[in-house]
Amino acid sequence: MAFPPEFLRELEDRSRIEEIAGRYVNLKRRGKNLTGLCPFHSEKTPSFNIYPGNNSYYCFGCGKGGGVINFVMDAERLDFVEAVKWLAQRAGMPLPEQSWDDSLSKLRLRVLEVNREAGRFFYQTLVSPEGRAGLEYFQGRGLDPAAIKKFGLGYAPENGFGLVNHLRTKGYTVEEMTQADVARLSQRGNPYDRYRGRVMFPIFDLRGNVVAFGGRVLTDEKPKYINTSDTPVYHKSSGLFAMNLAKNSDSRQLILAEGYMDVIALHRAGFSNAIASLGTSLTEEQARIMKRYADEAVICYDSDEAGQKATQRAIPILKNAGLRVRVVTVPGGKDPDEFMRNYGKDGPLRFKQLLEGGGTDVEYRLQKLRDQYGLETEAGRARYLSEAVEQVLGKLRDPMEQDVYAGKLAEETGVGKDRILAAAGGPARREAKKEEKKLIRAQMEVAALEAGAALNPEKKEHMRAALAEEGLIAYLFLHQDKAEALQKLLPPEKFVTAFNRRVYAALLGKTIHGAATLTGLGEELSQAEMGELSRMLAQHRDPPVSGADAKEFVRLILREAGRTGTQWVKTASDGEILEDIARRGREQKQRR
């Protein structure tokens with residue numbers, strides 16, 4: 001069963017979307033509404049909109065939208081019930097008596113419990129005789145008991161059944177163990193431990209729950225590391241090791257290291273803002289999470305070839321998320337963990353000096369080119385300058401930044417700054433054209449999204465009726481007192497397209513219990529469907545649909561029911577079709 005409507009209405013009243021979204025997005029006021037860079041996809045031009053008037057959001061770039069609960073579902077990766085609980089806890093509201101189907105929520109809770117118990121088991125094994133090999137490994141890496149306990153480190157026994165047997169004694173089922181990915185099934189269907197003979201690194205979410213594990217083998221066996229696959233509570237693309245600790249640091253800077261031990265070493269040295277991505281290259285989603293808590297990211301990957309390639313890949317991802325980027329290269333081909341151990345007590349001070357001396361991402365890329373070509377010969381200088389202009393300077397969008405680095409290139413190569421800037425103009429124009437093409441593609445994607453092709457495939461053949469249906473849905477949401485009259489004029493079964501019919505029926509049904517809200521509709525519609533409904537409301541927000549428009553929409557829907565669109569409708573824009581609707585209305589008025 002659904003939550004009581006009155007509970008959801010009160011929850012929405014206490015949960016203003018501008019306050020919730022403001023934790024994830026830097027919002028700027030634009031008239032009555034607010035806008036910012038979308039937290040759900042990478043963009044440079046704000047297309048994410050907050051509408052305080054009806055407590056909703058919509059992104060014209062990726063199509064996500066809905067009410068405040070939908071936002072929490074997207075931002076925190078929660079299902080509907082969990083998002084309601086999240087908001088209720090924030091608002092200090094007790095939940096009504098649980099009478100709904102919350103099987104997914106229960107599974108998530110049980111998976112979290114399995115992970116917590118598994119973390120305890122690994123830790124207890126580490127400090128027992130069975131975990132001696134693991135403890136010696138950590139001690140050999142310079143970790144003391146306090147660090148081991150702080151990060152919840154552990155050891156998975158080699159026998160392959162220790163954890164499974166332990167969890168069984170605690171009452172957890174085989175399905176719950178496999179859903180948490182701490183156990184796998186043999187060909188005969190018997191469970192066995194996912195991790196065997198490995199030191200264990202628990203991974204926590206932002207609320208401090210154990211959601212996954214990373215395990216490092218102590219032999220030459222491959223792979224060296226294995227990590228939890230995606231589960232009901234964990235997604236590799238968004239996980240960041242030690243982010244639960246780093247988000248509480250006073251700094252608006254995050255140090256992005258490559259491995260678990262690097263992060264632990266940096267935290268022990270006082271750099272509590274260190275994090276690491278988890279077994280994969282940095283993702284856009286991880287970068288967006290970082291942006292919530294920082295304005296600057298310092299990349300401190302290993303200085304070997306793989307680490308440098310990873311640095312090159314990470315720079316544009318972090319910049320596209322809106323972060324300033326600097327790069328620190330640990331000297332001598334070392335990683336931060338080895339650096340700290342080599343310098344002992346002097347390690348923290350020396351690393352702080354490295355941080356302070358770290359260059360920007362532009363300086364890093366220029367240095368890589370300088371190392372590649374050298375400045376000792378004319379040929380080297382020419383190749384360096386050519387690549388620097390083409391690959392670095394020509395891609396800078398800030399004219400002042402471009403001017404600064406053109407001056408530095410002039411000093412290094414002896415070529416005039418004006419000539420360098422002129423040469424950078426060509427790549428800059430090509431880059432601008434690329435951005436323009438990306439924008440056009442994005443607009444085309446939005447247009448396709450607006451056509452509702454995925455959710456409302458009938459719209460293509462019934463474009464005129466579908467647009468009228470959307471306008472009527474927007475009118476009904478704003479004028480719910482007209483619900484009874486509209487239902488008599490146009491019952492849901494008269495709608496031409498099935499998707500719009502379902503949204504219209506859901507909206508009418510909610511008005512029976514009082515005011516229909518996006519929060520309440522979120523119980524019946526999926527995230528994607530809520531995004532499409534939010535698009536309809538956003539598209540008809542200014543100017544809003546009038547009563548006269550609504551009457552014409554009703555007449556048009558009744559007239560168009562069962563017909564397919566003409567050829568011009570298939571190729572006409574939404575604006576042309578809406579203008580045709582308006583023209584027909586004017587013609588009817590003239591005839592009357």
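On a 1 Å grid over the protein atoms alone, a cavity is a set of points where a 1.4 Å probe fits but cannot get out, whereas a pocket is an open set with protein on both sides within 12 Å along at least five of seven lines; lining residues have an atom within 4 Å of a point. Grid points are joined across faces, edges and corners, and a volume is the space filled by probe spheres set on the points. The structure is a predicted model, in which local features need pLDDT of at least 70 and side-chain atom pairs count only at pLDDT 80 or more, while totals for chains, interfaces and linings use all residues. Residues are numbered from 1 along each chain as its sequence is written, and side-chain values use heavy atoms, with hydrogens and water left out.

A search of the whole structure for cavities of 30 Å³ or more returned 1. The largest cavity holds about 70 Å³ of space. Its lining comprises 10 residues, with Pro 5, Arg 9, Lys 510, Ala 515 and Gly 520 closest to the centre. Helix H1 (residues 5-14) contributes the most to this lining, namely 3 residues; helices (H or I, at least four residues) and strands (E, at least two) are DSSP runs, numbered from the N terminus. By class, the lining of the largest cavity has 4 nonpolar, 3 polar and 3 charged residues, where Ala, Val, Leu, Ile, Met, Phe, Trp, Tyr, Cys and Pro count as nonpolar, Asp, Glu, Lys and Arg as charged, and the others, Gly among them, as polar.

The second largest pocket has a volume of about 1,100 Å³. Among the 43 residues lining this pocket, Glu 76, Arg 77, Leu 78, Asp 205 and Arg 207 lie nearest its centre. Two or more lining residues come from each of helix H3 (68-76), helix H4 (80-91), helix H5 (103-126), strand E9 (198-204) and helix H12 (284-293). The lining of the second largest pocket divides into 20 nonpolar, 6 polar and 17 charged residues.

Arg 326 is located in strand E16 (residues 324-327). With a relative accessible area of 15%, Arg 326 is buried (under 20% relative accessible area, with a 1.4 Å probe and protein chains only). Beyond its neighbours within four places in sequence, Arg 326 has contacts (heavy atoms within 4.5 Å) with residues including Gln 253, Glu 296, Leu 355 and Asp 361. The side chains of Arg 326 and Glu 296 are joined by a polar contact of 3.4 Å (a pair of N or O atoms within 3.5 Å, one able to donate a hydrogen and the other to accept it).

Over the chain, 27 helices and 17 strands are assigned, and 52% of the 592 residues are buried.

How values were computed: Buried < 20%, exposed > 50% of the residue type's maximum accessible area, 1.4 Å probe, protein only.
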